Structure formats: C-alpha cells, structure tokens
Amino acid sequence: MLKDIFIRPIRPGDNPAIARIIRDSLTEFGANRPGTVYYDPTTDALFELFQQERSAYWVAELEDRILGGAGIFPTPGLATDTCELVKMYLVPEARGMGLGKKMIETCFHTARELGYKKVYLETMPELEKAVKVYEKLGFDYLPGPLGNSGHFGCGKWMLKSIV
C-alpha cells in the first residue's frame with residue numbers, strides 16, 4: 001500500500017484536513033494542551049505558512065484522501081543551517097507501515113536542497129511511537145529547546161545532522 005501513496009506539496013484546500021489530523025492525533029495521545037501545535041493558530045493555515053522562503057510542507061495522499069503531512073521550517077532563532085521538522089502527523093490507519101519514515105526522508109531531501117545541514121524537532125513523551133522513529137532515523141536528544149517555536153508544551157528536543 002505504501003507504494004500507492006502519493007507525497008506532494010501542500011495545496012490551499014488541504015488546510016482543514018491537515019489541521020484536523022494534527023488536532024485529532026494530539027487528542028488521541030492526550031497531548032492536546034497549551035504550548036503545542038494544537039493551539040497554534042498557524043495550524044489552520046499551513047499552506048500560507050509554508051509559502052515562507054526555505055520552508056516546505058508535504059502531504060501524503062491515497063486515492064484523494066489525505067493521510068497526513070510533514071514539513072520543514074526556518075524556525076526563528078535557529079542557526080541558518082538548521083531547520084525544524086514540523087507538524088509531522090498521520091491518521092491512525094497510516095501508521096506502522098513506514099509512511100512516517102518516508103515523509104521524514106522526503107523532508108531531509110528537501111532540507112538538503114534548501115541548504116540546511118541539520119534538522120531540529122520538538123516532541124512530547126506522549127508521542128512515544130514517533131519518538132522511536134526519530135531515534136531510529138538518527139536524531140540525538142538535546143538538553144533543552146533551540147530557537148523560538150513558541151511550543152513550550154513540548155518536553156523533548158532532538159537534532160540530526162543531514163550532511
């Protein structure tokens with residue numbers, strides 16, 4: 001089934017579906033609290049947000065159904081060679097098949113094309129399966145946050161070199 005999934009850039013009409021996937025996922029894992037992307041107003045306008053230079057957001061689609069998305073973003077306060085992996089969420093039935101890894105690898109490829117050398121992310125202990133994927137992909141833990149994402153509700157910070 002993974003081979004039938006199409007990964008494409010976000011479109012304006014994708015905003016409601018992606019926002020719903022993000023919020024439903026955080027609710028599912030009990031991580032729908034202040035200081036997370038759940039309450040971030042940009043969650044409802046991802047197409048517009050990712051028009052910013054040196055950013056990209058990818059959507060996974062199967063037969064015209066959006067299964068999730070992931071992006072890279074030049075978060076304020078990060079070094080110019082570092083982007084943040086952001087808003088990486090999948091619907092429940094799309095998990096466990098390697099799609100998350102494929103989405104993240106797509107983000108790595110795009111990050112390299114845009115001149116980044118490192119990818120940073122912020123996550124939460126509640127998202128245990130995602131954390132395991134990040135670990136397998138070579139992300140290392142940091143003692144605290146980098147940059148100014150505004151997501152003070154995240155308690156895990158990770159970084160990976162992509163050179």
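Me: Is Cys83 buried or exposed?
Reply: The model is predicted: local features need pLDDT of at least 70, side-chain atom pairs count only at pLDDT 80 or more, and totals for chains, interfaces and linings use all residues. Residues are numbered from 1 along each chain as its sequence is written, and side-chain values use heavy atoms, without hydrogens and water. Relative accessible area under 20% means buried, over 50% exposed, and in between partly exposed (1.4 Å probe, protein chains only). Cys83 has 0% relative accessibility, so Cys83 is buried.

Me: How many disulfides does a search of the whole structure find?
Reply: Cys107 is in no disulfide. The search covers the whole structure, and the count is 0.

Me: In what order do the 7 strands of the open sheet lie?
Reply: Strands are DSSP runs of E, at least two residues; helices are runs of H or I, at least four; both are numbered from the N terminus. Two strands pair if DSSP finds at least two bridges between them. Strand 1 (6-9) and strand 6 (140-141) are the edges, each pairing on one side only. Pairing is mixed, and the order is 1-2-3-4-5-7-6.

Me: Which residue stands opposite Glu122 in strand 7?
Reply: Strand 5 (residues 118-123) and strand 7 (residues 156-161) run antiparallel, joined by 6 bridges. Opposite Glu122 stands Trp157.

Methods: A disulfide is a pair of cysteine sulfur atoms within 2.5 Å.
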